[in-house]
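Hello,

Here is the structure for you to look through. Please keep it open while you read the notes below.

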Amino acid sequence: MSVRTLPLLFLNLGGEMLYILDQRLRAQSIPGEKARKDEWTDVDRKRVMNDIITTMFNKKFMEELFKPQELYSKKALRTVYDRLAHASIMRLNQASMDKLYDLMTMAFKYQVLLCPRPRDILLVTFNHLDTIKDFIYDSPGIMNQVDETFRRLIDTYSCLSDGEFQLIRQTLLIFFQDMHIRVSIFLKDKVQNSNGRFVLPISGPVPWGTEVPGLIRMFNHDGDEVKRTEFTTPGNYVTPQREGSFGLYGDRVLKLGTNMYSVSRPVETHMSGSSKNLASHAKENIVPNPLAKEELNFLARLLGGLEIKNPSGSDTGFRLNLFTTDEEEEHAALTRPEELAYKVINIEATQEPGRREELSCILGELEVAEPRPASSGKGEDLLALMDAL
């Protein structure tokens, strides 16, 4: 497992989340002069996007995120996006939050599978950040936060070897391996089968720096080419025109990670048979994890300084529905397999030592074990961060 994977996973999933929210907010927006108090306007949309991006690229949060560390569990990472999605006036109920997370994870899984080279995962990340900057082009303060993360990515990953990027890619694929959620966009484009598994193309551009397959060269002991043999291939391969830019600005060439929702079309998610029976072959957290409480405590300390924007007065905020109708949303909540359901963790972090550890639990009761010894090192910086807030 690579200890450099978490920032790439978080930023790419966060980028997909922003794409989806922007598309749904635009679809539900009403012109300001015609909108009722409980309806979305374009001003509300911009406010939500700005608040979430500001929270997502919080400087202290990024500093902790980029420290070498193993990936969190799926459910622990999910709590981060629950918190992030509610960092503004927007509110999502259980079913819509489940659908949002399904769309995020399946989109990025497909991008990782299609990357020509493991190093190109960094270009996918840059595409997400480039598009995020388009969302906040008129907010220079937030733009600076994103640019700072850009520079941190370049400093951290530009010096890694191809082998290290391959390990990052394998770590991501292991994280996604049991997720087979069917998404209408992928089904309509015939890039996903009815069982939720992706169909990988056998044609297209080859990775930068490689040659189109179809030729075998043979060399003698002096290194001189002595024979060539051609063979036919089932795919139609082409050589890429140029390599994508790994700089702060530039043409990424690779289109993976760009906003696939910029063209308006409905997006639905459906549980595949293998996912509905997930408990039979991947029962994560069915047996209580003795480190679960501690892991969530680390997340609480990490997120403790990220303030949720609570609407003033008795207003509970604007509700966003990721389904076509309220009836579909209610039906999805009722039919969601129990082993795939999540509950939002309400994280409360204060300066009072006795209250810092307060956390709700996901998936019902979690057995709480004693924390790992301080000598393990993990989380000590997060404790220091919490004390400084």
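Buried means under 20% relative accessible area, exposed means over 50%, and partly exposed lies in between (1.4 Å probe, protein chains only). By that rule Arg45 is buried, because its relative accessible area is 6%.

Two remarks on where the values come from. This is a predicted model, in which local features need pLDDT of at least 70 and side-chain atom pairs count only at pLDDT 80 or more, while totals for chains, interfaces and linings use all residues. Residues are numbered from 1 along each chain as its sequence is written, and side-chain values use heavy atoms, with hydrogens and water left out.

Arg45

Arg45 sits in helix H2, residues 42-56. Helices (H or I, at least four residues) and strands (E, at least two) are DSSP runs, numbered from the N terminus. Which side chain makes a polar contact with the side chain of Arg45? That of Asp22 does, at 3.0 Å. A polar contact is a pair of N or O atoms within 3.5 Å; within protein, one must be able to donate a hydrogen and the other to accept it, and residues adjacent in sequence count only if both atoms are side-chain atoms. Contact alone means heavy atoms within 4.5 Å. Setting aside neighbours within four places in sequence, Arg45 is in contact with Asp22, Leu25, Arg26, Ser29 and Trp40.

Arg117

Arg117 lies in the loop between helix H5 (94-114) and helix H6 (120-135). Its relative accessible area is 15%, so Arg117 is buried. Apart from neighbours within four places in sequence, Arg117 is in contact with Pro207, Trp208, Glu243 and Phe246. The C-alpha atoms of Arg117 and Val206 are separated by 9.1 Å, with the two residues 89 residues apart along the chain.

Positive phi

Lys190 has a positive phi near 60° and is a residue other than glycine. It is found in the loop between helix H9 (184-188) and strand S3 (204-205). Lys190 counts as exposed because its relative accessibility is 67%. Val253, also not a glycine, has a positive phi of about 65°. The loop that holds Val253 runs between strand S6 (237-238) and strand S7 (269-271). With a relative accessible area of 29%, Val253 is partly exposed.

Cysteines

How many disulfides does the structure hold? It holds 0, where a disulfide is a pair of cysteine sulfur atoms within 2.5 Å. Cys115 is buried at 8% relative accessibility, whereas Cys159 is exposed at 60%.

Regards
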